[in-house]
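Welcome, and please open your viewer.

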Amino acid sequence: MKTLHLIVIALCALLNESYAQAPKKVFAHYMVGFAFPSDQNFFDSQIKRAKSAGIDGFALNVGNNDWQPDRVAKALAAAQNNGNFVIFISFDMASLAFDSNALTRFHFAARHPNYFRVNNRPFFSTFAGENNDQFWNSWKSSSGLNPYFCPSWPNYPTANLLQSHSVADCIFTWNTWPASNSGPDASFDNSGDKNLLASARATGKTYMAPVAPWFYTHVWGQGWSKHWIFNSELLLPQRWQQIVELQPDFVEFVTWNDYSESSYICTIGSDLPADMSGITDMINNPQPMKHDAWLDLSKHYIQWYKNNARPAVTTEQFYWWYRIHPKNNVNGEPPQYRNDARDCVVVHSIVKNVRPQGGVYTMIIDLNGTKSRYTITKLEQTECIPFPARVGYVTISLEGPDKKVWWAEGKNIPQQSSGNNFNAFVNSHSFPSP
């Protein structure tokens, strides 16, 4: 018995080691429900943009629309035209019934050469779907696919989750924002990540961690409405730094194109929903609320996560984002959890050296004539510059080590004295490292 026990321990160690040595992957959650107007060329452009930042594949969030399998097929064809870019299905259980026939419509994807596999098993995920282990066991055994199942079950306790739900081969979670009503100074508590990763390691399974840049929703339809925010101002760089330290098996960006919750990192495109009330105000009022720079910022951390080492920096990078009006100056109904927002312009920098040419960089943030200055003292640095008493134009500039202004960027959305849009405007500037 002692010999058998030692053999089991050795096998578990080898299994855990094999997962630790497997190539790490970064995915982006893609809302197929917004893809009605999308053709293969559109998916091709999205994939090329994602690949440019180091994203390895899309998690296709699928629901009950009868046209969605066709868009999945088009996404797979576009992936095949882009080398090793992969796709996997994420069942949206807020839309789909717990009915194997509803899921079977998407099984064809698993036979495609660009479908993501772990140990040669097709990878499937979910959004929600808790309290139905019997259904998931039945689906797995009857699918004929031998699926590698990585659900998102954020409403379960995180400790020993995989021990308690053996149907899962991997675990994902949607929990990636500070808890609501935790106040504007709260940071994301990653103890849940640590519990889920520990559960994966103890069971020889895997953990896929989420990363999100923002959350704000104010949309409505027939019989439903969503209007709330989560504390997000400092979230993206903090979360990437947690991921770099945590080193999970996989990472999923939440999201690529969910315009309805302001978490998108794609370029605003033709997939912007036309049939959802409130979307236009969230995304294009008073000007397009661009988030492209969040994807560019993430490229640095994606490389860091994959290689478990800080990448060589050849370009000095500066990113900034902000809401367009103070949180208390709301026209109409304020969003739920409004107090969790921070009234500040966030600036994040990534530099090669904090002593460029023997001197220092100084950031200058000019908010309608109220100027703030600070020195860059860290290779990755985040600052939160409070809104001024009188909001207006926003100009960000950099003073170089020679005490001269090296660049200034004023092409930013002016802040308004009041409004009702808690989405973020994001911009950036970069130049070759001296």
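Before the first stop, one definition: a residue is called buried under 20% relative accessible area, exposed over 50%, and partly exposed in between. Keep in mind as you go that this is a predicted model.

**Stop 1**

Select Asp296 and Arg49. Their side chains meet in a salt bridge, at 3.0 Å from N to O. This pair links distant parts of the chain, since Asp296 belongs to helix H10 (residues 292-307) and Arg49 to helix H2 (residues 40-52), 247 residues apart. Is Asp296 buried, exposed or partly exposed? Its relative accessibility is 30%, which lies between the 20% and 50% cut-offs, so Asp296 counts as partly exposed. Arg49, at 22%, is also counted as partly exposed.

**Stop 2: a helix and a loop**

Next, select Arg201 and Asp249. These two form a salt bridge whose closest N and O atoms are 3.1 Å apart. Here too, distant parts of the chain are linked: Arg201 is in helix H7 (residues 191-203), while Asp249 is in the loop between helix H8 (235-246) and strand S11 (250-253), 48 residues away. Arg201 is partly exposed, with a relative accessible area of 25%, whereas Asp249 is buried, at 5%.

**Stop 3: two strands**

Now move to Glu399 and Arg373, which are joined by a salt bridge with 3.1 Å between the closest N and O atoms. Glu399 sits in strand S17 (residues 394-399) and Arg373 in strand S15 (residues 370-375), so this pair, 26 residues apart, links distant parts of the chain.

To see a network of salt bridges, select Asp70, Arg71 and Lys74, which are linked in one. How many salt bridges does the structure hold? There are 14.

**Stop 4: the largest pocket**

Switch to a surface view again and look for the largest pocket, with a volume of about 850 Å³. To find its centre, select Met31, Gly33, Phe34, Ser260 and Met276, the closest to that point of the 34 residues that line the pocket. Then colour four strands: S1 (25-31), S2 (57-62), S9 (216-221) and S10 (224-229). Each of these strands supplies at least two residues of the lining. If you colour the lining by residue type, you will find 16 nonpolar, 12 polar and 6 charged residues.

**Stop 5: cis peptide bonds**

Go on to the backbone and select Val254 and Thr255. The peptide bond from Val254 to Thr255 is cis, with omega near 20°. Thr255 lies in the loop between S11 and helix H9 (279-284). Then select Asn285 and Pro286, where the peptide bond is also cis, with omega near 5°. Pro286 is placed in the loop between H9 and H10.

**Stop 6: positive phi angles**

Finish with two residues in loops. Asn120, in the loop between strand S4 (117-118) and strand S5 (121-127), has a positive phi near 65° although it is not glycine. Asn120 is exposed, with a relative accessible area of 67%. You will find Tyr337 in the loop between strand S12 (315-322) and strand S13 (344-350).

Notes. Residues numbered from 1 in each chain as written. Predicted model: local features only at pLDDT ≥ 70, side-chain atom pairs only at ≥ 80, totals over all residues. Heavy atoms only, no water. Salt bridge = Lys/Arg side-chain N within 4 Å of Asp/Glu carboxyl O. Buried < 20%, exposed > 50% of the residue type's maximum accessible area, 1.4 Å probe, protein only. 1 Å grid on protein atoms, 1.4 Å probe; cavity = no way out; pocket = protein on both sides within 12 Å on 5 of 7 lines; lining within 4 Å. Points joined across faces, edges and corners; volume = space filled by probe spheres on them. Nonpolar A, V, L, I, M, F, W, Y, C, P; charged D, E, K, R; others polar.
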